[in-house]
Amino acid sequence: MGNVTAIGEITNFVHGEAVEATGTDVVVVRNPADGSELGRFRDSAAQDVDLAVRDARAALPEWAAKTPGERSALLRAVADAMEERLDEFARLEVLDAGKPWSESRGHEVPGMVDALRHFGSLARVAVSQPAGDYVAGNTAFLRREPVGVVAAITPWNFPLWQAIWKIGPALAVGNTIVVKPAENTPLSTLAFVRMAAGILPPGVLNLVNGTGGTTGRALVAHPDVKLVSFTGSTRAGRQIAEAAGAGTKRLVLELGGNAPVVVFEDTDIEVTAEWLAATALYNAGQECMAATRLIVHESVHDKLVEAVAGKMVSETVIGDPMDPSTTLGPLISQVQRDRVRRLVDGVPARAEVVTGGSPVERDGYFYPPTLITGVEQTDEIVQSEIFGPVATVQSFTDEAQAIALANDVEQGLAGSVWTRDVGRALRVVNSLEVGNVWVNAHMASGVELPIGGFHGSGYGKEGGLAGLDEYARTKQVTISLT
Ligand code: NAD
């Protein structure tokens with residue numbers, strides 16, 4: 001079993017072995033908590049991508065021919081191996097992505113083990129139309145087959161989590177996969193692939209490191225890649241969709257979010273504020289479903305603002321993400337912090353920054369919890385995915401206006417509605433143009449439930465049976481009875 005600590009040795013991984021990339025650009029990986037270098041690697045050029053994809057292609061027939069039970073057992077063995085190394089994986093995520101230890105070790109890494117077990121179990125579940133004599137004189141049945149070599153391209157905000165949510169279902173169905181982690185967070189995914197190399201057959205799970213512009217593009221364009229599963233920005237998702245279209249490849253696109261949170265006057269303000277502060281700040285707000293746009297009935301606007309701002313401050317401990325008491329770590333990079341700062345600094349004079357609003361004075365890329373009122377629908381901060389520990393507040397007078405504000409953005413990933421009125425809750429649920437809705441909760445989700453967006457947030461599902469089906473193709477077989 002490979003070494004789990006990848007720092008300083010960031011390579012590609014092909015056919016169960018470390019392979020040096022040959023690209024000309026060198027990428028430096030930094031710890032966002034202090035800016036220090038964790039390692040560096042060469043971009044993977046088209047030939048490096050080709051090596052990894054061809055190897056995955058060669059491994060496909062044998063992996064696809066395994067029984068669901070055999071694939072399930074292997075995925076569960078990988079989960080068992082990971083469970084023995086929870087601390088090591090959590091440490092890599094904390095160093096590389098700046099996640100608080102309490103979140104990473106507390107539930108994210110254990111949640112990844114659980115997700116792998118779930119996908120391993122799903123490998124054995126077959127739900128489909130029964131065989132039957134649908135055409136006179138013929139019997140027909142459906143075969144579920146793997147699509148082929150899958151390319152998984154992942155973002156930096158949940159590096160290994162996102163990789164596992166793609167690797168798990170892709171392998172469960174019998175595909176082989178080449179993963180490209182985000183260039184600033186390769187460590188945990190590489191460690192995982194190394195570990196899994198002691199369990200999975202060579203070539204089933206390969207990894208290439210590199211930038212989106214070089215390595216990502218080469219992966220999407222490779223003729224042997226039959227499905228691209230991408231999580232990242234709407235901008236990159238559109239580029240990928242265009243490139244994949246040229247090769248008529250299948251796509252799963254999990255893109256940016258900009259979640260509306262509709263709060264009616266009959267909600268428990270303290271409980272609601274507790275949820276909203278926590279889900280606006282989780283992962284320093286670098287969470288595609290974060291509670292970012294609070295749309296609040298005018299009669300409880302001031303009360304809710306005061307409660308959320310209060311909890312944002314009183315329940316946040318900013319500090320070294322390795323410290324178990326830290327709840328808010330840094331943003332991923334200087335670029336990301338500058339982006340958040342620009343959006344906040346650019347709010348019109350009518351807006352009020354109730355708390356936060358300027359970067360924390362310490363090494364690393366920290367930004368404080370920030371709540372802004374007085375924004376309007378056309379403001380850039382409302383229309384953009386902020387991806388920082390920042391929420392905005394707008395007020396409404398009636399249900400129709402609340403729904404109009406909630407839906408009037410490009411993204412459609414997630415949202416929530418807060419009311420004790422069941423009929424009203426359901427009307428809002430039915431009207432929201434998002435793929436995931438909560439009532440009196442936010443970001444409560446499990447791996448059994450498919451996640452995915454509408455509109456600019458992409459298409460396709462991850463998780464649950466719907467997520468598994470994304471990685472399968474259906475073949476209709478009809479046999480004459482004569
Ligand atoms: P990004 O789009 O910049 O990069 C994501 C990945 O795509 C990286 O691996 C990058 O190298 C690669 N990439 C970039 N351009 C590419 C191209 N043209 N061809 C191929 N690959 C390319 O996104 P990011 O900044 O790393 O991640 C943050 C984004 O991810 C946010 O918008 C967030 O909302 C989104 N996200 C969505 C979900 C979801 O489930 N919908 C989950 C997590 C994150």
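Which polar side-chain atom lies 2.7 Å from a nitrogen atom of the ligand? Keep that in mind as you look through these close-ups of a predicted model.

**View 1. Gln239 and the ligand.** Here's the reply: the polar side-chain atom belongs to Gln239, and the ligand's nitrogen atom sits 2.7 Å away from it. Gln239 is also listed among the closest residues to the ligand, along with Thr154, Glu183, Ser233 and Glu385.

View 2. Side chains don't get the whole show. Thr154 brings a backbone N or O atom to 2.8 Å from an oxygen atom of the ligand. At Leu255, a polar backbone atom is 2.8 Å from a ligand nitrogen atom. On its own the ligand would expose 850 Å², and the protein buries 91% of that.

View 3. The ligand takes up the space of the largest pocket. Helix H7 (212-221), strand E9 (225-231) and helix H8 (234-246) each give two or more residues to the shell around the ligand. H8 supplies the largest share, with four residues.

**View 4. Who's in the shell?** Count the residues surrounding the ligand and you get 30. Sorted by class, 12 are nonpolar, 12 are polar and six are charged.

Methods:
Residues are numbered from 1 along each chain as its sequence is written. This is a predicted model: local features need pLDDT of at least 70, side-chain atom pairs count only at pLDDT 80 or more; totals for chains, interfaces and linings use all residues. Side-chain values use heavy atoms; hydrogens and water are left out. A residue is near a molecule or strand if one of its heavy atoms lies within 4 Å of it. A polar contact is a pair of N or O atoms within 3.5 Å; within protein, one must be able to donate a hydrogen and the other to accept it, and residues adjacent in sequence count only if both atoms are side-chain atoms. Accessible areas come from the Shrake-Rupley method with a 1.4 Å probe; for residues, only the protein chains shown count as cover. On a 1 Å grid over the protein atoms alone, a cavity is a set of points where a 1.4 Å probe fits but cannot get out, and a pocket is an open set with protein on both sides within 12 Å along at least five of seven lines; lining residues have an atom within 4 Å of a point. A molecule sits in a cavity or pocket if more than half of its atoms lie within 2 Å of its grid points. Ala, Val, Leu, Ile, Met, Phe, Trp, Tyr, Cys and Pro count as nonpolar, Asp, Glu, Lys and Arg as charged, and the others, Gly among them, as polar.
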